[in-house]
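Reader: I am new to reading protein models. Could you walk me through one, feature by feature?
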Amino acid sequence: MYTITDLFDLEHTLAKDYLSQFTYPWEALKGIKDFILALGPTLGADYQEVSEHVWVHKTAKVFPSAYLGAPCIIGPNTEVRHCAFIRGSALVGADCVVGNSCELKNVILFDHVQTPHYNYVGDSILGYYSHMGAGSITSNVRSDKKLVVVHAPGGDIETGIKKFGAMLGDYVECGCNAVLNPGTVVGRHSNIYPTSCVRGVVPEGSIYKVTGKIVDKF
């Protein structure tokens with residue numbers, strides 16, 4: 001329930017070939033920067049390199065107050081709205097929304113992802129049509145600064161990395177002001193209630209209601 005093929009339809013991202021190299025999605029986090037640097041120059045005439053190592057599709061709308069840090073790629077028909085802060089190492093797909101005062105860092109956003117209002121998404125991968133409600137964030141570093149562990153049903157999985165936010169499968173809905181703790185994995189078509197504090201693995205097709213309480217969605 002927490003491998004790349006469990007979580008994502010890879011037909012909806014420019015990172016298809018890159019992600020296909022790995023079993024678990026968090027294994028891809030360390031190489032996102034180098035992947036974007038290699039991919040950018042190959043994108044063709046529909047993308048403009050608006051500054052060094054920053055490629056924006058001609059149909060994307062980037063508000064003047066937004067900051068695009070290198071390296072990053074902004075896909076077709078995507079909106080990067082007022083005061084968005086893309087710190088770098090961000091691949092943002094087609095038809096996405098990066099909203100007002102949102103911050104992205106070391107992420108892959110599949111097509112049709114929405115982070116529309118006051119979101120922080122760091123060291124994370126958000127699947128096709130996933131949506132972050134207003135104020136919801138990924139917490140990507142443990143308070144004790146130890147390496148992140150995924151608390152899976154079959155036992156803990158050591159990731160070997162210090163910074164790891166969340167993996168959201170396709171069509172995940174994350175409610176307003178939810179906090180996704182380091183190492184959170186949410187299966188496809190699942191919903192996270194507003195103001196939830198989430199950790200561990202949320203199975204596909206579930207509703208995460210309150211801390212530790214998960215019910216079947218269907």
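Author: Gladly! Let us begin with a word we will need: a residue is called buried when its relative accessible area is under 20%, exposed when it is over 50%, and partly exposed in between. Keep in mind that this is a predicted model.

Reader: Is N106 buried or exposed?

Author: With a relative accessibility of 11%, N106 falls under the 20% cut-off, so N106 counts as buried. N106 sits in strand β9, which covers residues 103-109.

Reader: What can I learn from the phi of N106?

Author: The general idea first: most residues other than glycine have a negative phi. In N106, phi is near 55 degrees, a positive value in a residue that is not glycine. S89 also has a positive phi, about 55 degrees, and is not a glycine either. You will find S89 in strand β7, and with a relative accessible area of 11% S89 is buried.

Reader: What about peptide bonds?

Author: Most peptide bonds are trans. Here, a cis peptide bond joins A70 and P71, with omega at about -10 degrees. P71 lies in the loop between β4 and β5.

Reader: Which side chains make a polar contact with the side chain of D123?

Author: A polar contact is a pair of N or O atoms within 3.5 Å. The side chain of D123 has such a contact of 2.9 Å with that of N106, and another of 2.7 Å with that of N140. D123 belongs to strand β11, residues 120-126, and is buried, at 4% relative accessibility. Leaving out residues up to four places away in sequence, D123 touches several others, including L29, K105, V107 and F164.

Reader: How should I read a pair of aromatic rings?

Author: Such a pair is described by the distance of the centres and the angle of the planes. How many does this model hold? There are 10 aromatic pairs in the structure. In one of them, the ring centres of Y67 and F85 are 5.4 Å apart and the planes meet at 55 degrees, so the pair is tilted. This pair links distant parts of the chain, as Y67 is in strand β4 and F85 in strand β7, 18 residues apart. Y67 is partly exposed, with a relative accessible area of 46%, and F85 is partly exposed too, at 35%.

Reader: And what kind of pair do Y128 and Y129 form?

Author: Their ring centres lie 4.8 Å apart with the planes at 70 degrees, so this pair is edge-to-face. Y128 is buried, at 13% relative accessible area, whereas Y129 is partly exposed, at 35%. Rings can also gather in groups: Y2, Y24, W26 and F164 form one aromatic cluster.

Reader: How do strands β14 and β15 run, parallel or antiparallel?

Author: They run antiparallel, and 4 bridges join β14, residues 149-152, to β15, residues 155-158. A152 has G155 in β15 as its bridge partner.

Reader: Finally, what does the whole chain look like?

Author: The chain has 3 helices and 24 strands. Its radius of gyration is 16 Å, close to the 17 Å that the globule rule gives for 218 residues, so the chain is as compact as a globular protein of that length. The C-alpha trace spans about 45 × 35 × 30 Å along its principal axes, and 54% of the 218 residues count as buried.

How values were computed:
Residues are numbered from 1 along each chain as its sequence is written. This is a predicted model: local features need pLDDT of at least 70, side-chain atom pairs count only at pLDDT 80 or more; totals for chains, interfaces and linings use all residues. Side-chain values use heavy atoms; hydrogens and water are left out. Two strands pair if DSSP finds at least two bridges between them. Helices (H or I, at least four residues) and strands (E, at least two) are DSSP runs, numbered from the N terminus. Buried means under 20% relative accessible area, exposed over 50%, partly exposed in between (1.4 Å probe, protein chains only). A polar contact is a pair of N or O atoms within 3.5 Å; within protein, one must be able to donate a hydrogen and the other to accept it, and residues adjacent in sequence count only if both atoms are side-chain atoms. Contact means heavy atoms within 4.5 Å. The radius of gyration is taken over C-alpha atoms; the globule rule is 2.2 Å times the number of residues to the power 0.38. Rings of Phe, Tyr and Trp (its six-membered ring) pair if their centres lie within 6.5 Å; planes under 30 degrees apart count as stacked, over 60 as edge-to-face and the rest as tilted.
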